[in-house]
Amino acid sequence: VQLQASGGGVVQVGGSLRLSCSSSGRTGRPTAMGWFRQAPGKEREFVAAITWSGGYSTYSDSVDGRFAIAKDSAKNTVSLEMNNLKPEDSATYYCASSSTYLPNVAYYTTERMYEYWGQGTQVTVSS
């Protein structure tokens with residue numbers, strides 16, 4: 001499975017960006033897809049996740065209310081709409097895909113639940 005993330009760039013504080021992640025090489029549907037991010041000198045952290053069945057989503061506290069994750073099952077893509085961006089949102093954003101069934105979307109906040117990762121796309125929020 002190959003994941004390709006795109007849509008990163010430089011945006012001013014308060015601006016918006018939309019990230020997209022396409023999936024290829026898969027023979028079946030994922031159970032969930034998620035977005036993580038890593039800022040320089042920091043550990044990678046969870047941002048958002050969505051289940052493929054039911055479309056249940058969950059967000060980190062730091063982005064809840066500003067970011068929105070969505071999926072397009074027909075195109076095997078997941079997007080992350082990011083609004084009201086802050087300097088602390090600057091990071092490399094990674095999309096990830098899981099083939100593991102978990103009973104609650106909240107379990108998909110952990111990196112080890114994902115088997116496949118994209119290469120990352122850089123988001124820089126300038127003040």
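Tutor: Two strands pair if DSSP finds at least two bridges between them, and a strand is itself a DSSP run of at least two residues, numbered from the N terminus. By that rule E1 and strand E3 (residues 17-24) are paired in the antiparallel sense through five bridges, and within this pairing alanine 5 faces cysteine 21 of E3. This is a predicted model, in which local features need pLDDT of at least 70 and side-chain atom pairs count only at pLDDT 80 or more, while totals for chains, interfaces and linings use all residues. Residues are numbered from 1 along each chain as its sequence is written, and side-chain values use heavy atoms, with hydrogens and water left out.

E1 and E3 belong to an open sheet of four strands, which follow the order E1-E3-E8-E7 with antiparallel pairing. Its edges are strand E1 (2-6) and strand E7 (67-72), each of which pairs on one side only.

Elsewhere, strand E11 (residues 121-126) has Thr121, Val123 and Val125 on its covered face, whereas Gln122, Thr124 and Ser126 lie on the uncovered one. Strand E2 (residues 9-12) pairs with E11 in the parallel sense over four bridges, and valine 10 stands opposite threonine 124 there. Strand E9 (residues 91-98) runs antiparallel to E11 and is joined to it by three bridges, with alanine 91 partnering valine 123.

Now for the rings, where Phe, Tyr and Trp (its six-membered ring) pair if their centres lie within 6.5 Å, and planes under 30 degrees apart count as stacked, over 60 as edge-to-face and the rest as tilted. The count comes to five aromatic pairs. In one of them, phenylalanine 36 and phenylalanine 46 are edge-to-face, at 5.6 Å centre to centre with 75° between the planes. This pair links phenylalanine 36 in strand E4 (residues 32-38) with phenylalanine 46 in strand E5 (residues 45-51), ten residues apart.

Phenylalanine 36 counts as buried at 1% relative accessibility (buried is under 20%, exposed over 50%, partly exposed in between, with a 1.4 Å probe and protein chains only), and phenylalanine 46, at 12%, is buried as well. Phenylalanine 36 also pairs with tryptophan 117: their ring centres are 5.1 Å apart and their planes stand at 55°, so this pair is tilted. Because phenylalanine 36 lies in strand E4 and tryptophan 117 in strand E10 (residues 116-117), the pair ties together parts that are 81 residues apart in sequence. Tryptophan 117 is partly exposed, at 26%. Phe36, Phe46, Tyr108, Tyr114 and Trp117 form one aromatic cluster.
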